[in-house]
Amino acid sequence: MRRFYQKTPLSLAEAREKLTPRITGEDPTLAHIASVDGRPIGYVQSYLIMDTPSYAQEIGVRDGIGMDYFIGEPALIGRGLGRAMLATYLREILFPSFPGENRCIVCYELANLASRRVLEAVGFLFDREVMEGGVPSGLMILGRPA
Ligand SMILES: CC(C)(COP(=O)(O)OP(=O)(O)OC[C@H]1O[C@@H](n2cnc3c(N)ncnc32)[C@H](O)[C@@H]1OP(=O)(O)O)[C@@H](O)C(=O)NCCC(=O)NCCS
């Protein structure tokens, strides 16, 4: 996971400082834990891309919902859980939570084949290559389901 998400490890105190406002609602980013039989295995967050204007400008979009995700247990990667987690999240949380937006936009590092595949598996289409944080990335788009 470290290769493609939160590349610099956070201490527990730093994680608290970053994530607590997402739980209290001070930070409008929606943050959810995915669990299997009550055991936490993954994380997904979503937000309005325009809430981070520097990111919006960098990837050249002016609308849409951003989404970030990971499966946090190395032994559980590549077993279909990412696909199940994202399909459920998009349907039950992301699109219903942002009724004014019509698409979800995700940038993945071009080297991150698992992310590209899981996005395609839940319906995203490749739009174009962009540079994000100096890294060649792919911009994937999923329209709001009818
Ligand atoms: C990206 C991630 C969430 C995918 O979840 P996952 O549970 O590993 O993926 P799944 O097992 O559901 O597989 C989904 C698809 O990706 C494919 N896939 C999975 N790992 C792959 C890999 N390393 N290389 C190529 N394809 C891969 C699967 O074959 C499957 O394709 P299919 O639907 O055509 O059969 C997970 O790998 C992860 O947490 N990675 C680290 C964090 C990260 O990269 N986050 C995203 C940043 S943009």
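Is Gln6 buried, partly exposed or exposed, and how many other C-beta atoms lie within 10 Å? Gln6 turns out to be partly exposed, with 13 other C-beta atoms within 10 Å; here buried means 20 or more such atoms within 10 Å of a residue's own, exposed means 12 or fewer, partly exposed is in between, and C-beta atoms are placed from the backbone. This is a predicted model, so to speak of local features takes a pLDDT of at least 70 and side-chain atom pairs count only at pLDDT 80 or more, while totals for chains, interfaces and linings use all residues. Numbering starts from 1 along each chain as its sequence is written.

On to the overall fold. The chain has 4 helices and 6 strands, laid out along the sequence as α-β-β-α-β-α-β-α-β-β. Both kinds of element are DSSP runs numbered from the N terminus (helices: H or I, at least four residues; strands: E, at least two). With a radius of gyration of 15 Å, close to the 15 Å from the globule rule for 146 residues, the chain is as compact as a globular protein of that length. That radius is taken over C-alpha atoms, and the rule is 2.2 Å times the number of residues to the power 0.38. Along the principal axes, the C-alpha atoms fill a box of roughly 35 × 35 × 35 Å. Buried residues account for 22% of the 146. Of the contacts between residues at least 6 apart in sequence, 54% join residues at least 24 apart, a contact being two C-beta atoms, placed from the backbone, within 7 Å.

The ligand has 21 residues around it, and Phe4, Gly82, Arg83, Ala114 and Arg117 come nearest; being near means a C-beta atom, placed from the backbone, within 6 Å. Strand 3 (65-71), helix 3 (81-97) and helix 4 (113-121) each give two or more residues to this shell, and helix 4 has the largest share, with 6. By type, the shell splits into 13 nonpolar, 5 polar and 3 charged residues. In that count Ala, Val, Leu, Ile, Met, Phe, Trp, Tyr, Cys and Pro are nonpolar, Asp, Glu, Lys and Arg are charged, and the others, Gly among them, are polar.

As for the inside, the largest nonpolar core holds 24 residues, of which Met67, Leu90, Leu94, Cys104 and Val106 touch the most other members. Such a core is a set of buried Ala, Val, Leu, Ile, Met, Phe, Trp, Tyr and Cys residues joined through C-beta atoms within 7 Å. Helix 3 gives the most to this core, with 6 residues. Val106, leaving aside neighbours within four places in sequence, is in contact with Gly66, Met67, Leu119, Phe124 and Met140.

Helix 4 also has buried residues: Ser115, Val118 and Leu119. They span an arc of only 100° around the axis, so they sit on the same side of helix 4, the arc being that of the directions from the helix axis to the C-beta atoms. These buried residues pack against helix 3, strand 4 and strand 6. After helix 4 comes Gly123, with a positive phi near 110°.

Back to the backbone. Most residues other than glycine have a negative phi. Gln6, in the segment before helix 1 (12-24), has a positive phi of about 45° although it is not a glycine. Asp37, in the loop between strand 1 (30-36) and strand 2 (39-48), has a positive phi too, about 50°. Asp37 is exposed, with 5 other C-beta atoms within 10 Å.
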